[in-house]
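Hi everyone, thanks for making time.

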Amino acid sequence: MVAGDAARALGALGMKASPSVGALVSTLSHENPYVRVYAAEALASIGPTAARATPALARALDDPAPGVRWAACEALGSIGPAAQSAVPQLIEALKDEFLYVRIFAAGALGSIGPKAQSAREALRAAANDPALRNDAEWALSRIAGVTSGEPVASLSAPAPSVAPQLQTTVVQTGNPPVDWDTTTGRNIVWSVELGKETYGRPVVAGDAVYVGTDNARFMNPAYQEEAGVLMAFQAKDGTRLWQDVAPRVERGLREFLLPSTTSAPYVGGDRLYYVTAECQLRSLDTQGFRDGENDGPYREELFQDNAAADIVWELDMCGRLGVFPHEATNSEVLSVGDLLMVSTSNGQNEGHMRVPSPRAPSLIAVDKRSGEVVWRAIGAGGQVLHGQWSSPVAADVNGRLQVLFGGGDGWLRSYDAASGHEVWRFDGNPKDARWLPRPRVLSRGSIIAAPVFADGRVFVAMGLSPGHGNGPSLIHAISPNGQGDVTGSRLLWTSHAVGRVVGTPIAKDGLLYVGDLGGTIHCLDAATGAHVWQHDTNAAIWGSLLLAGDRLYVGNEDGGMTVLRAGRRKELLAQIEMDAPLYSRPAVIGDALYLATANRLYFIAAKP
Ligand SMILES: [Ca+2]
Ligand SMILES: [Ca+2]
């Protein structure tokens, strides 16, 4: 893979790699398809000065590997008008069997602009494909000489109801145990096996508990492929009810999406909504096939027995919206009236060189009943630093419902919940911060933890993928009453005292609790940002914290569960060791906890 590594390194240099265009052109005919992909991606990050690669890139549109074809489209697009000679091959690529090749071909034709006149008819035909419409229409406007930038959010449906119906599950009442032992079984009522890499958090609704995991245990012996799974258990005793599998979708991707369901579902009545590991938003019937009916327009379930999930509808965010998810599609589902809102996880290409689908939405609102997209927001667009793994939250700000969404570019954006129009935006990064994705340095960051709204303040913690380790970072408090860019005008305070954060903080009684990737839990004064206390748990904190009654539960990557008393005075209540990593927030029901480790689900309650 030396040639591939060299191509990746050149791509990272961007413009500075332009003297290597000749070498990259020869690398486009390397025998290893991955090396050819990296060469094309490296040419894409060089831009217009790679113009002499145009003939070779046009030939690469016939490459047998789809990844090479779409990366070649990206490169031709970034060369721009000087890639005019490739227009005939790009027109052919509009009919490629792989969606991303078609999308990026349309994007390249638009970037070539008025010199791609001959593509107009083909683009008009391509605009009939819903997945391609955005990019084809954008390309047509560019060819016509219109340079007005982003397509406008389309709002075709009547104004949806967005009555506040907020899910505030982080702060709970109840007094769950602070004392349990998985070896002796103390206070463990039951436990069941999950997959082997579980990041999903348990969600309890009705008499069932749901959790996203992987297919490592082949719970359905008839299906032994690598895949993300959503499991449903009976809440009282852990009896398995059904599971939903999201088989790998052949999109010409190099299968770098995590094959484990990380999205926590939202359950409303007899419908459950979640994002699969393959970037599909699904509505399921909570009764599965046990009600004797195959519900909804979706009838193509792979399995239709009592242990299988009944899909009501599915929105494939890649196939329908041209989204290019990076590494994991993990959004929680925000329910607001008739709408569901999710992050699409649109992000960088596999080589981490650029965002291949910059016009795909970052955040969408979908009609709960039909699965139709009501509005879409581009958000970070082409500025995503890595991936997008934050989840939207709703905030009722003086009677107007805002949707707060942390972008992969480090900007927090607020949208009007009904229309999707941006209300304000806040840049969480210092303007001079550089992208340095390695431990122990201050890097330009993305927003991964969900923002928190409490007592009129919005808190947003900056983070990086846990794979890049911990480092100095920032947390901000801002006022949500502004318009436009509020970075300078609505900042209340910034604290430099925290490390990189990926788990959602908790605000309660004037205090803010934040766990970082260095393993430290911080208690800050919510009004001033002043440090009240901190406690080191000795391993990275990934998942969100849980506050139940006055008990703050903090799980870490080493399987350590630390329980502290919430309040201004630090008090350690318990330290419990589990035998597997704790990545997610437990669910509290009454005085009991549903807790998932990386491989097991536990029901924990005081036993007489
Ligand atoms: Ca059913
Ligand atoms: Ca169905």
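This is a predicted model: local features need pLDDT of at least 70, side-chain atom pairs count only at pLDDT 80 or more; totals for chains, interfaces and linings use all residues.

Residues are numbered from 1 along each chain as its sequence is written, and chains are lettered from A and ligands numbered from 1 in the order in which they are written.

Helices here are DSSP runs of H or I with at least four residues, numbered from the N terminus. Let's begin with helix 5, residues 66–79. The expected span, by the way, is 1.5 Å times one less than the number of residues. Of those 14 residues, 13 are buried, meaning 20 or more other C-beta atoms lie within 10 Å of the residue's own, with C-beta atoms placed from the backbone.

Now, how do helix 5 and helix 7 sit against each other? Their axes come within 8 Å and cross at roughly 15°; axes are lines fitted to C-alpha atoms over the stretch in contact, with angles from 0 to 180 degrees between N-to-C directions. The two helices are therefore roughly parallel, the label for angles under 35 degrees. On the helix 5 side, the contact includes Trp70 and Cys73, and on the helix 7 side, Phe104 and Ala108. Contact means C-beta atoms, placed from the backbone, within 7 Å. The residues of this contact split into nine nonpolar, three polar and two charged.

Helix 7, residues 99–112, also packs on helix 9, residues 130–143, at about 15° with the axes 7 Å apart. That makes this pair roughly parallel as well. Among the residues making the contact are Ile103 and Ala106 of helix 7, and Leu132 and Trp138 of helix 9.

Last stop: valine 37, in helix 3, residues 33–46. Buried or exposed? Buried, with 29 other C-beta atoms within 10 Å. Leaving aside neighbours within four places in sequence, valine 37 is in contact with Ala65, Gly67, Val68 and Ala71. Valine 37 and alanine 75 are 38 residues apart in sequence, and their C-alpha atoms are 11 Å apart in space.

Definitions and conventions:
Angles under 35 degrees count as roughly parallel, over 145 as roughly antiparallel, 65 to 115 as roughly perpendicular and the rest as oblique. Two residues are in contact if their C-beta atoms, placed from the backbone, lie within 7 Å. A residue is buried if 20 or more other C-beta atoms lie within 10 Å of its own, exposed if 12 or fewer, and partly exposed in between; C-beta atoms are placed from the backbone. Ala, Val, Leu, Ile, Met, Phe, Trp, Tyr, Cys and Pro count as nonpolar, Asp, Glu, Lys and Arg as charged, and the others, Gly among them, as polar.
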